[in-house]
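Student: I would like to go through the labels attached to this model and ask what each one rests on.
Tutor: Go ahead; keep in mind that the model is predicted.

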Amino acid sequence: MKYLSVFNSDEEILKALSDIHLKGNWYDLDCTFSKGNFYKNIKEPKLKSDLTPLREDVIKSDSSLLQFVDNGSLKSIVFDPPFLFRKRKSINNDKISNRFTYFKSYEELIEMYKKSLVCFKKKLNKNGWVFFKCQDMTDNKFYDTHTDTIKMARDIGFTLKDIAIKVNKNKLQRDAKQQNCVAKVHSYWLVFKS
């Protein structure tokens with residue numbers, strides 16, 4: 001089967017990336033599992049954790065610590081952290097900020113991503129994989145989060161091996177009075193190898 005770089009669902013992406021990079025093996029850990037929406041029609045990972053577990057079978061753990069996992073013991077990690085930040089209360093009818101957790105600043109977001117990647121480097125075996133979902137953000141200006149994440153991961157010692165793009169046709173949009181950038185209706189799955 002041949003896969004293209006653009007997908008309509010996270011499930012399709014997880015199946016494709018497993019086939020391509022894990023050679024059909026499944027994911028060891030999703031450390032931002034939340035409700036498990038990625039896995040409604042596919043198998044769940046062996047281990048599931050979240051900062052605020054919503055199910056009994058999900059381990060409470062910060063993605064930058066993962067204290068329940070031995071160093072060098074994982075082959076793969078799925079990571080879908082929050083991507084929103086805002087220094088102020090939303091002045092627009094911003095549905096997505098009301099629905100999801102967000103950081104107070106871009107610097108706070110990047111620092112959490114960095115701490116998590118450093119932790120992943122310790123927890124993964126020599127040829128381990130990180131499947132990192134991220135999205136760029138606009139808040140009066142454009143933040144190219146995916147490029148900052150790639151640079152940071154490389155500085156930590158990861159190699160970027162692939163990028164998949166998820167297009168969201170039902171994107172929640174804010175009712176902005178002034179549009180400063182095109183609305184982002186896609187997210188990235190960055191594939192890093194340890």
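Student: Where is threonine 32 found, and which residues does it touch?
Tutor: Threonine 32 is in the loop between β2 and β3. Leaving aside residues up to four places away in sequence, threonine 32 touches Ser49, Asp50, Val78, Phe79, Asp80 and Pro81.

Student: What makes the pair of threonine 32 and aspartate 80 a polar contact?
Tutor: A polar atom of the threonine 32 side chain lies 2.7 Å from the backbone nitrogen of aspartate 80. The cut-off is within 3.5 Å, so the distance qualifies.

Student: How do you know that β2 and β3 pair?
Tutor: Pairing takes at least two bridges. Two bridges join β2 (residues 29–30) to β3 (residues 47–50), so these strands, which run parallel, pair. Leucine 29 stands opposite leucine 47 in β3.

Student: What joins β3 to β4?
Tutor: Two bridges join β3 to β4 (residues 59–60), and these strands run parallel. Aspartate 50 stands opposite lysine 60 in β4.

Student: How many residues has the largest nonpolar core, and which have the most contacts inside it?
Tutor: The largest nonpolar core has 27 residues, and Phe120, Phe132, Phe158, Leu190 and Phe192 have the most contacts inside it. The largest share, seven residues, comes from α3. Another core, of 19 residues, lies apart from it, with Phe7, Ile42, Val78 and Val191 among them.

Note on methods: Residues are numbered from 1 along each chain as its sequence is written. This is a predicted model: local features need pLDDT of at least 70, side-chain atom pairs count only at pLDDT 80 or more; totals for chains, interfaces and linings use all residues. Side-chain values use heavy atoms; hydrogens and water are left out. Helices (H or I, at least four residues) and strands (E, at least two) are DSSP runs, numbered from the N terminus. A polar contact is a pair of N or O atoms within 3.5 Å; within protein, one must be able to donate a hydrogen and the other to accept it, and residues adjacent in sequence count only if both atoms are side-chain atoms. Contact means heavy atoms within 4.5 Å. A nonpolar core is a set of buried Ala, Val, Leu, Ile, Met, Phe, Trp, Tyr and Cys residues joined through side-chain atoms within 4.5 Å. Buried means under 20% relative accessible area, exposed over 50%, partly exposed in between (1.4 Å probe, protein chains only).
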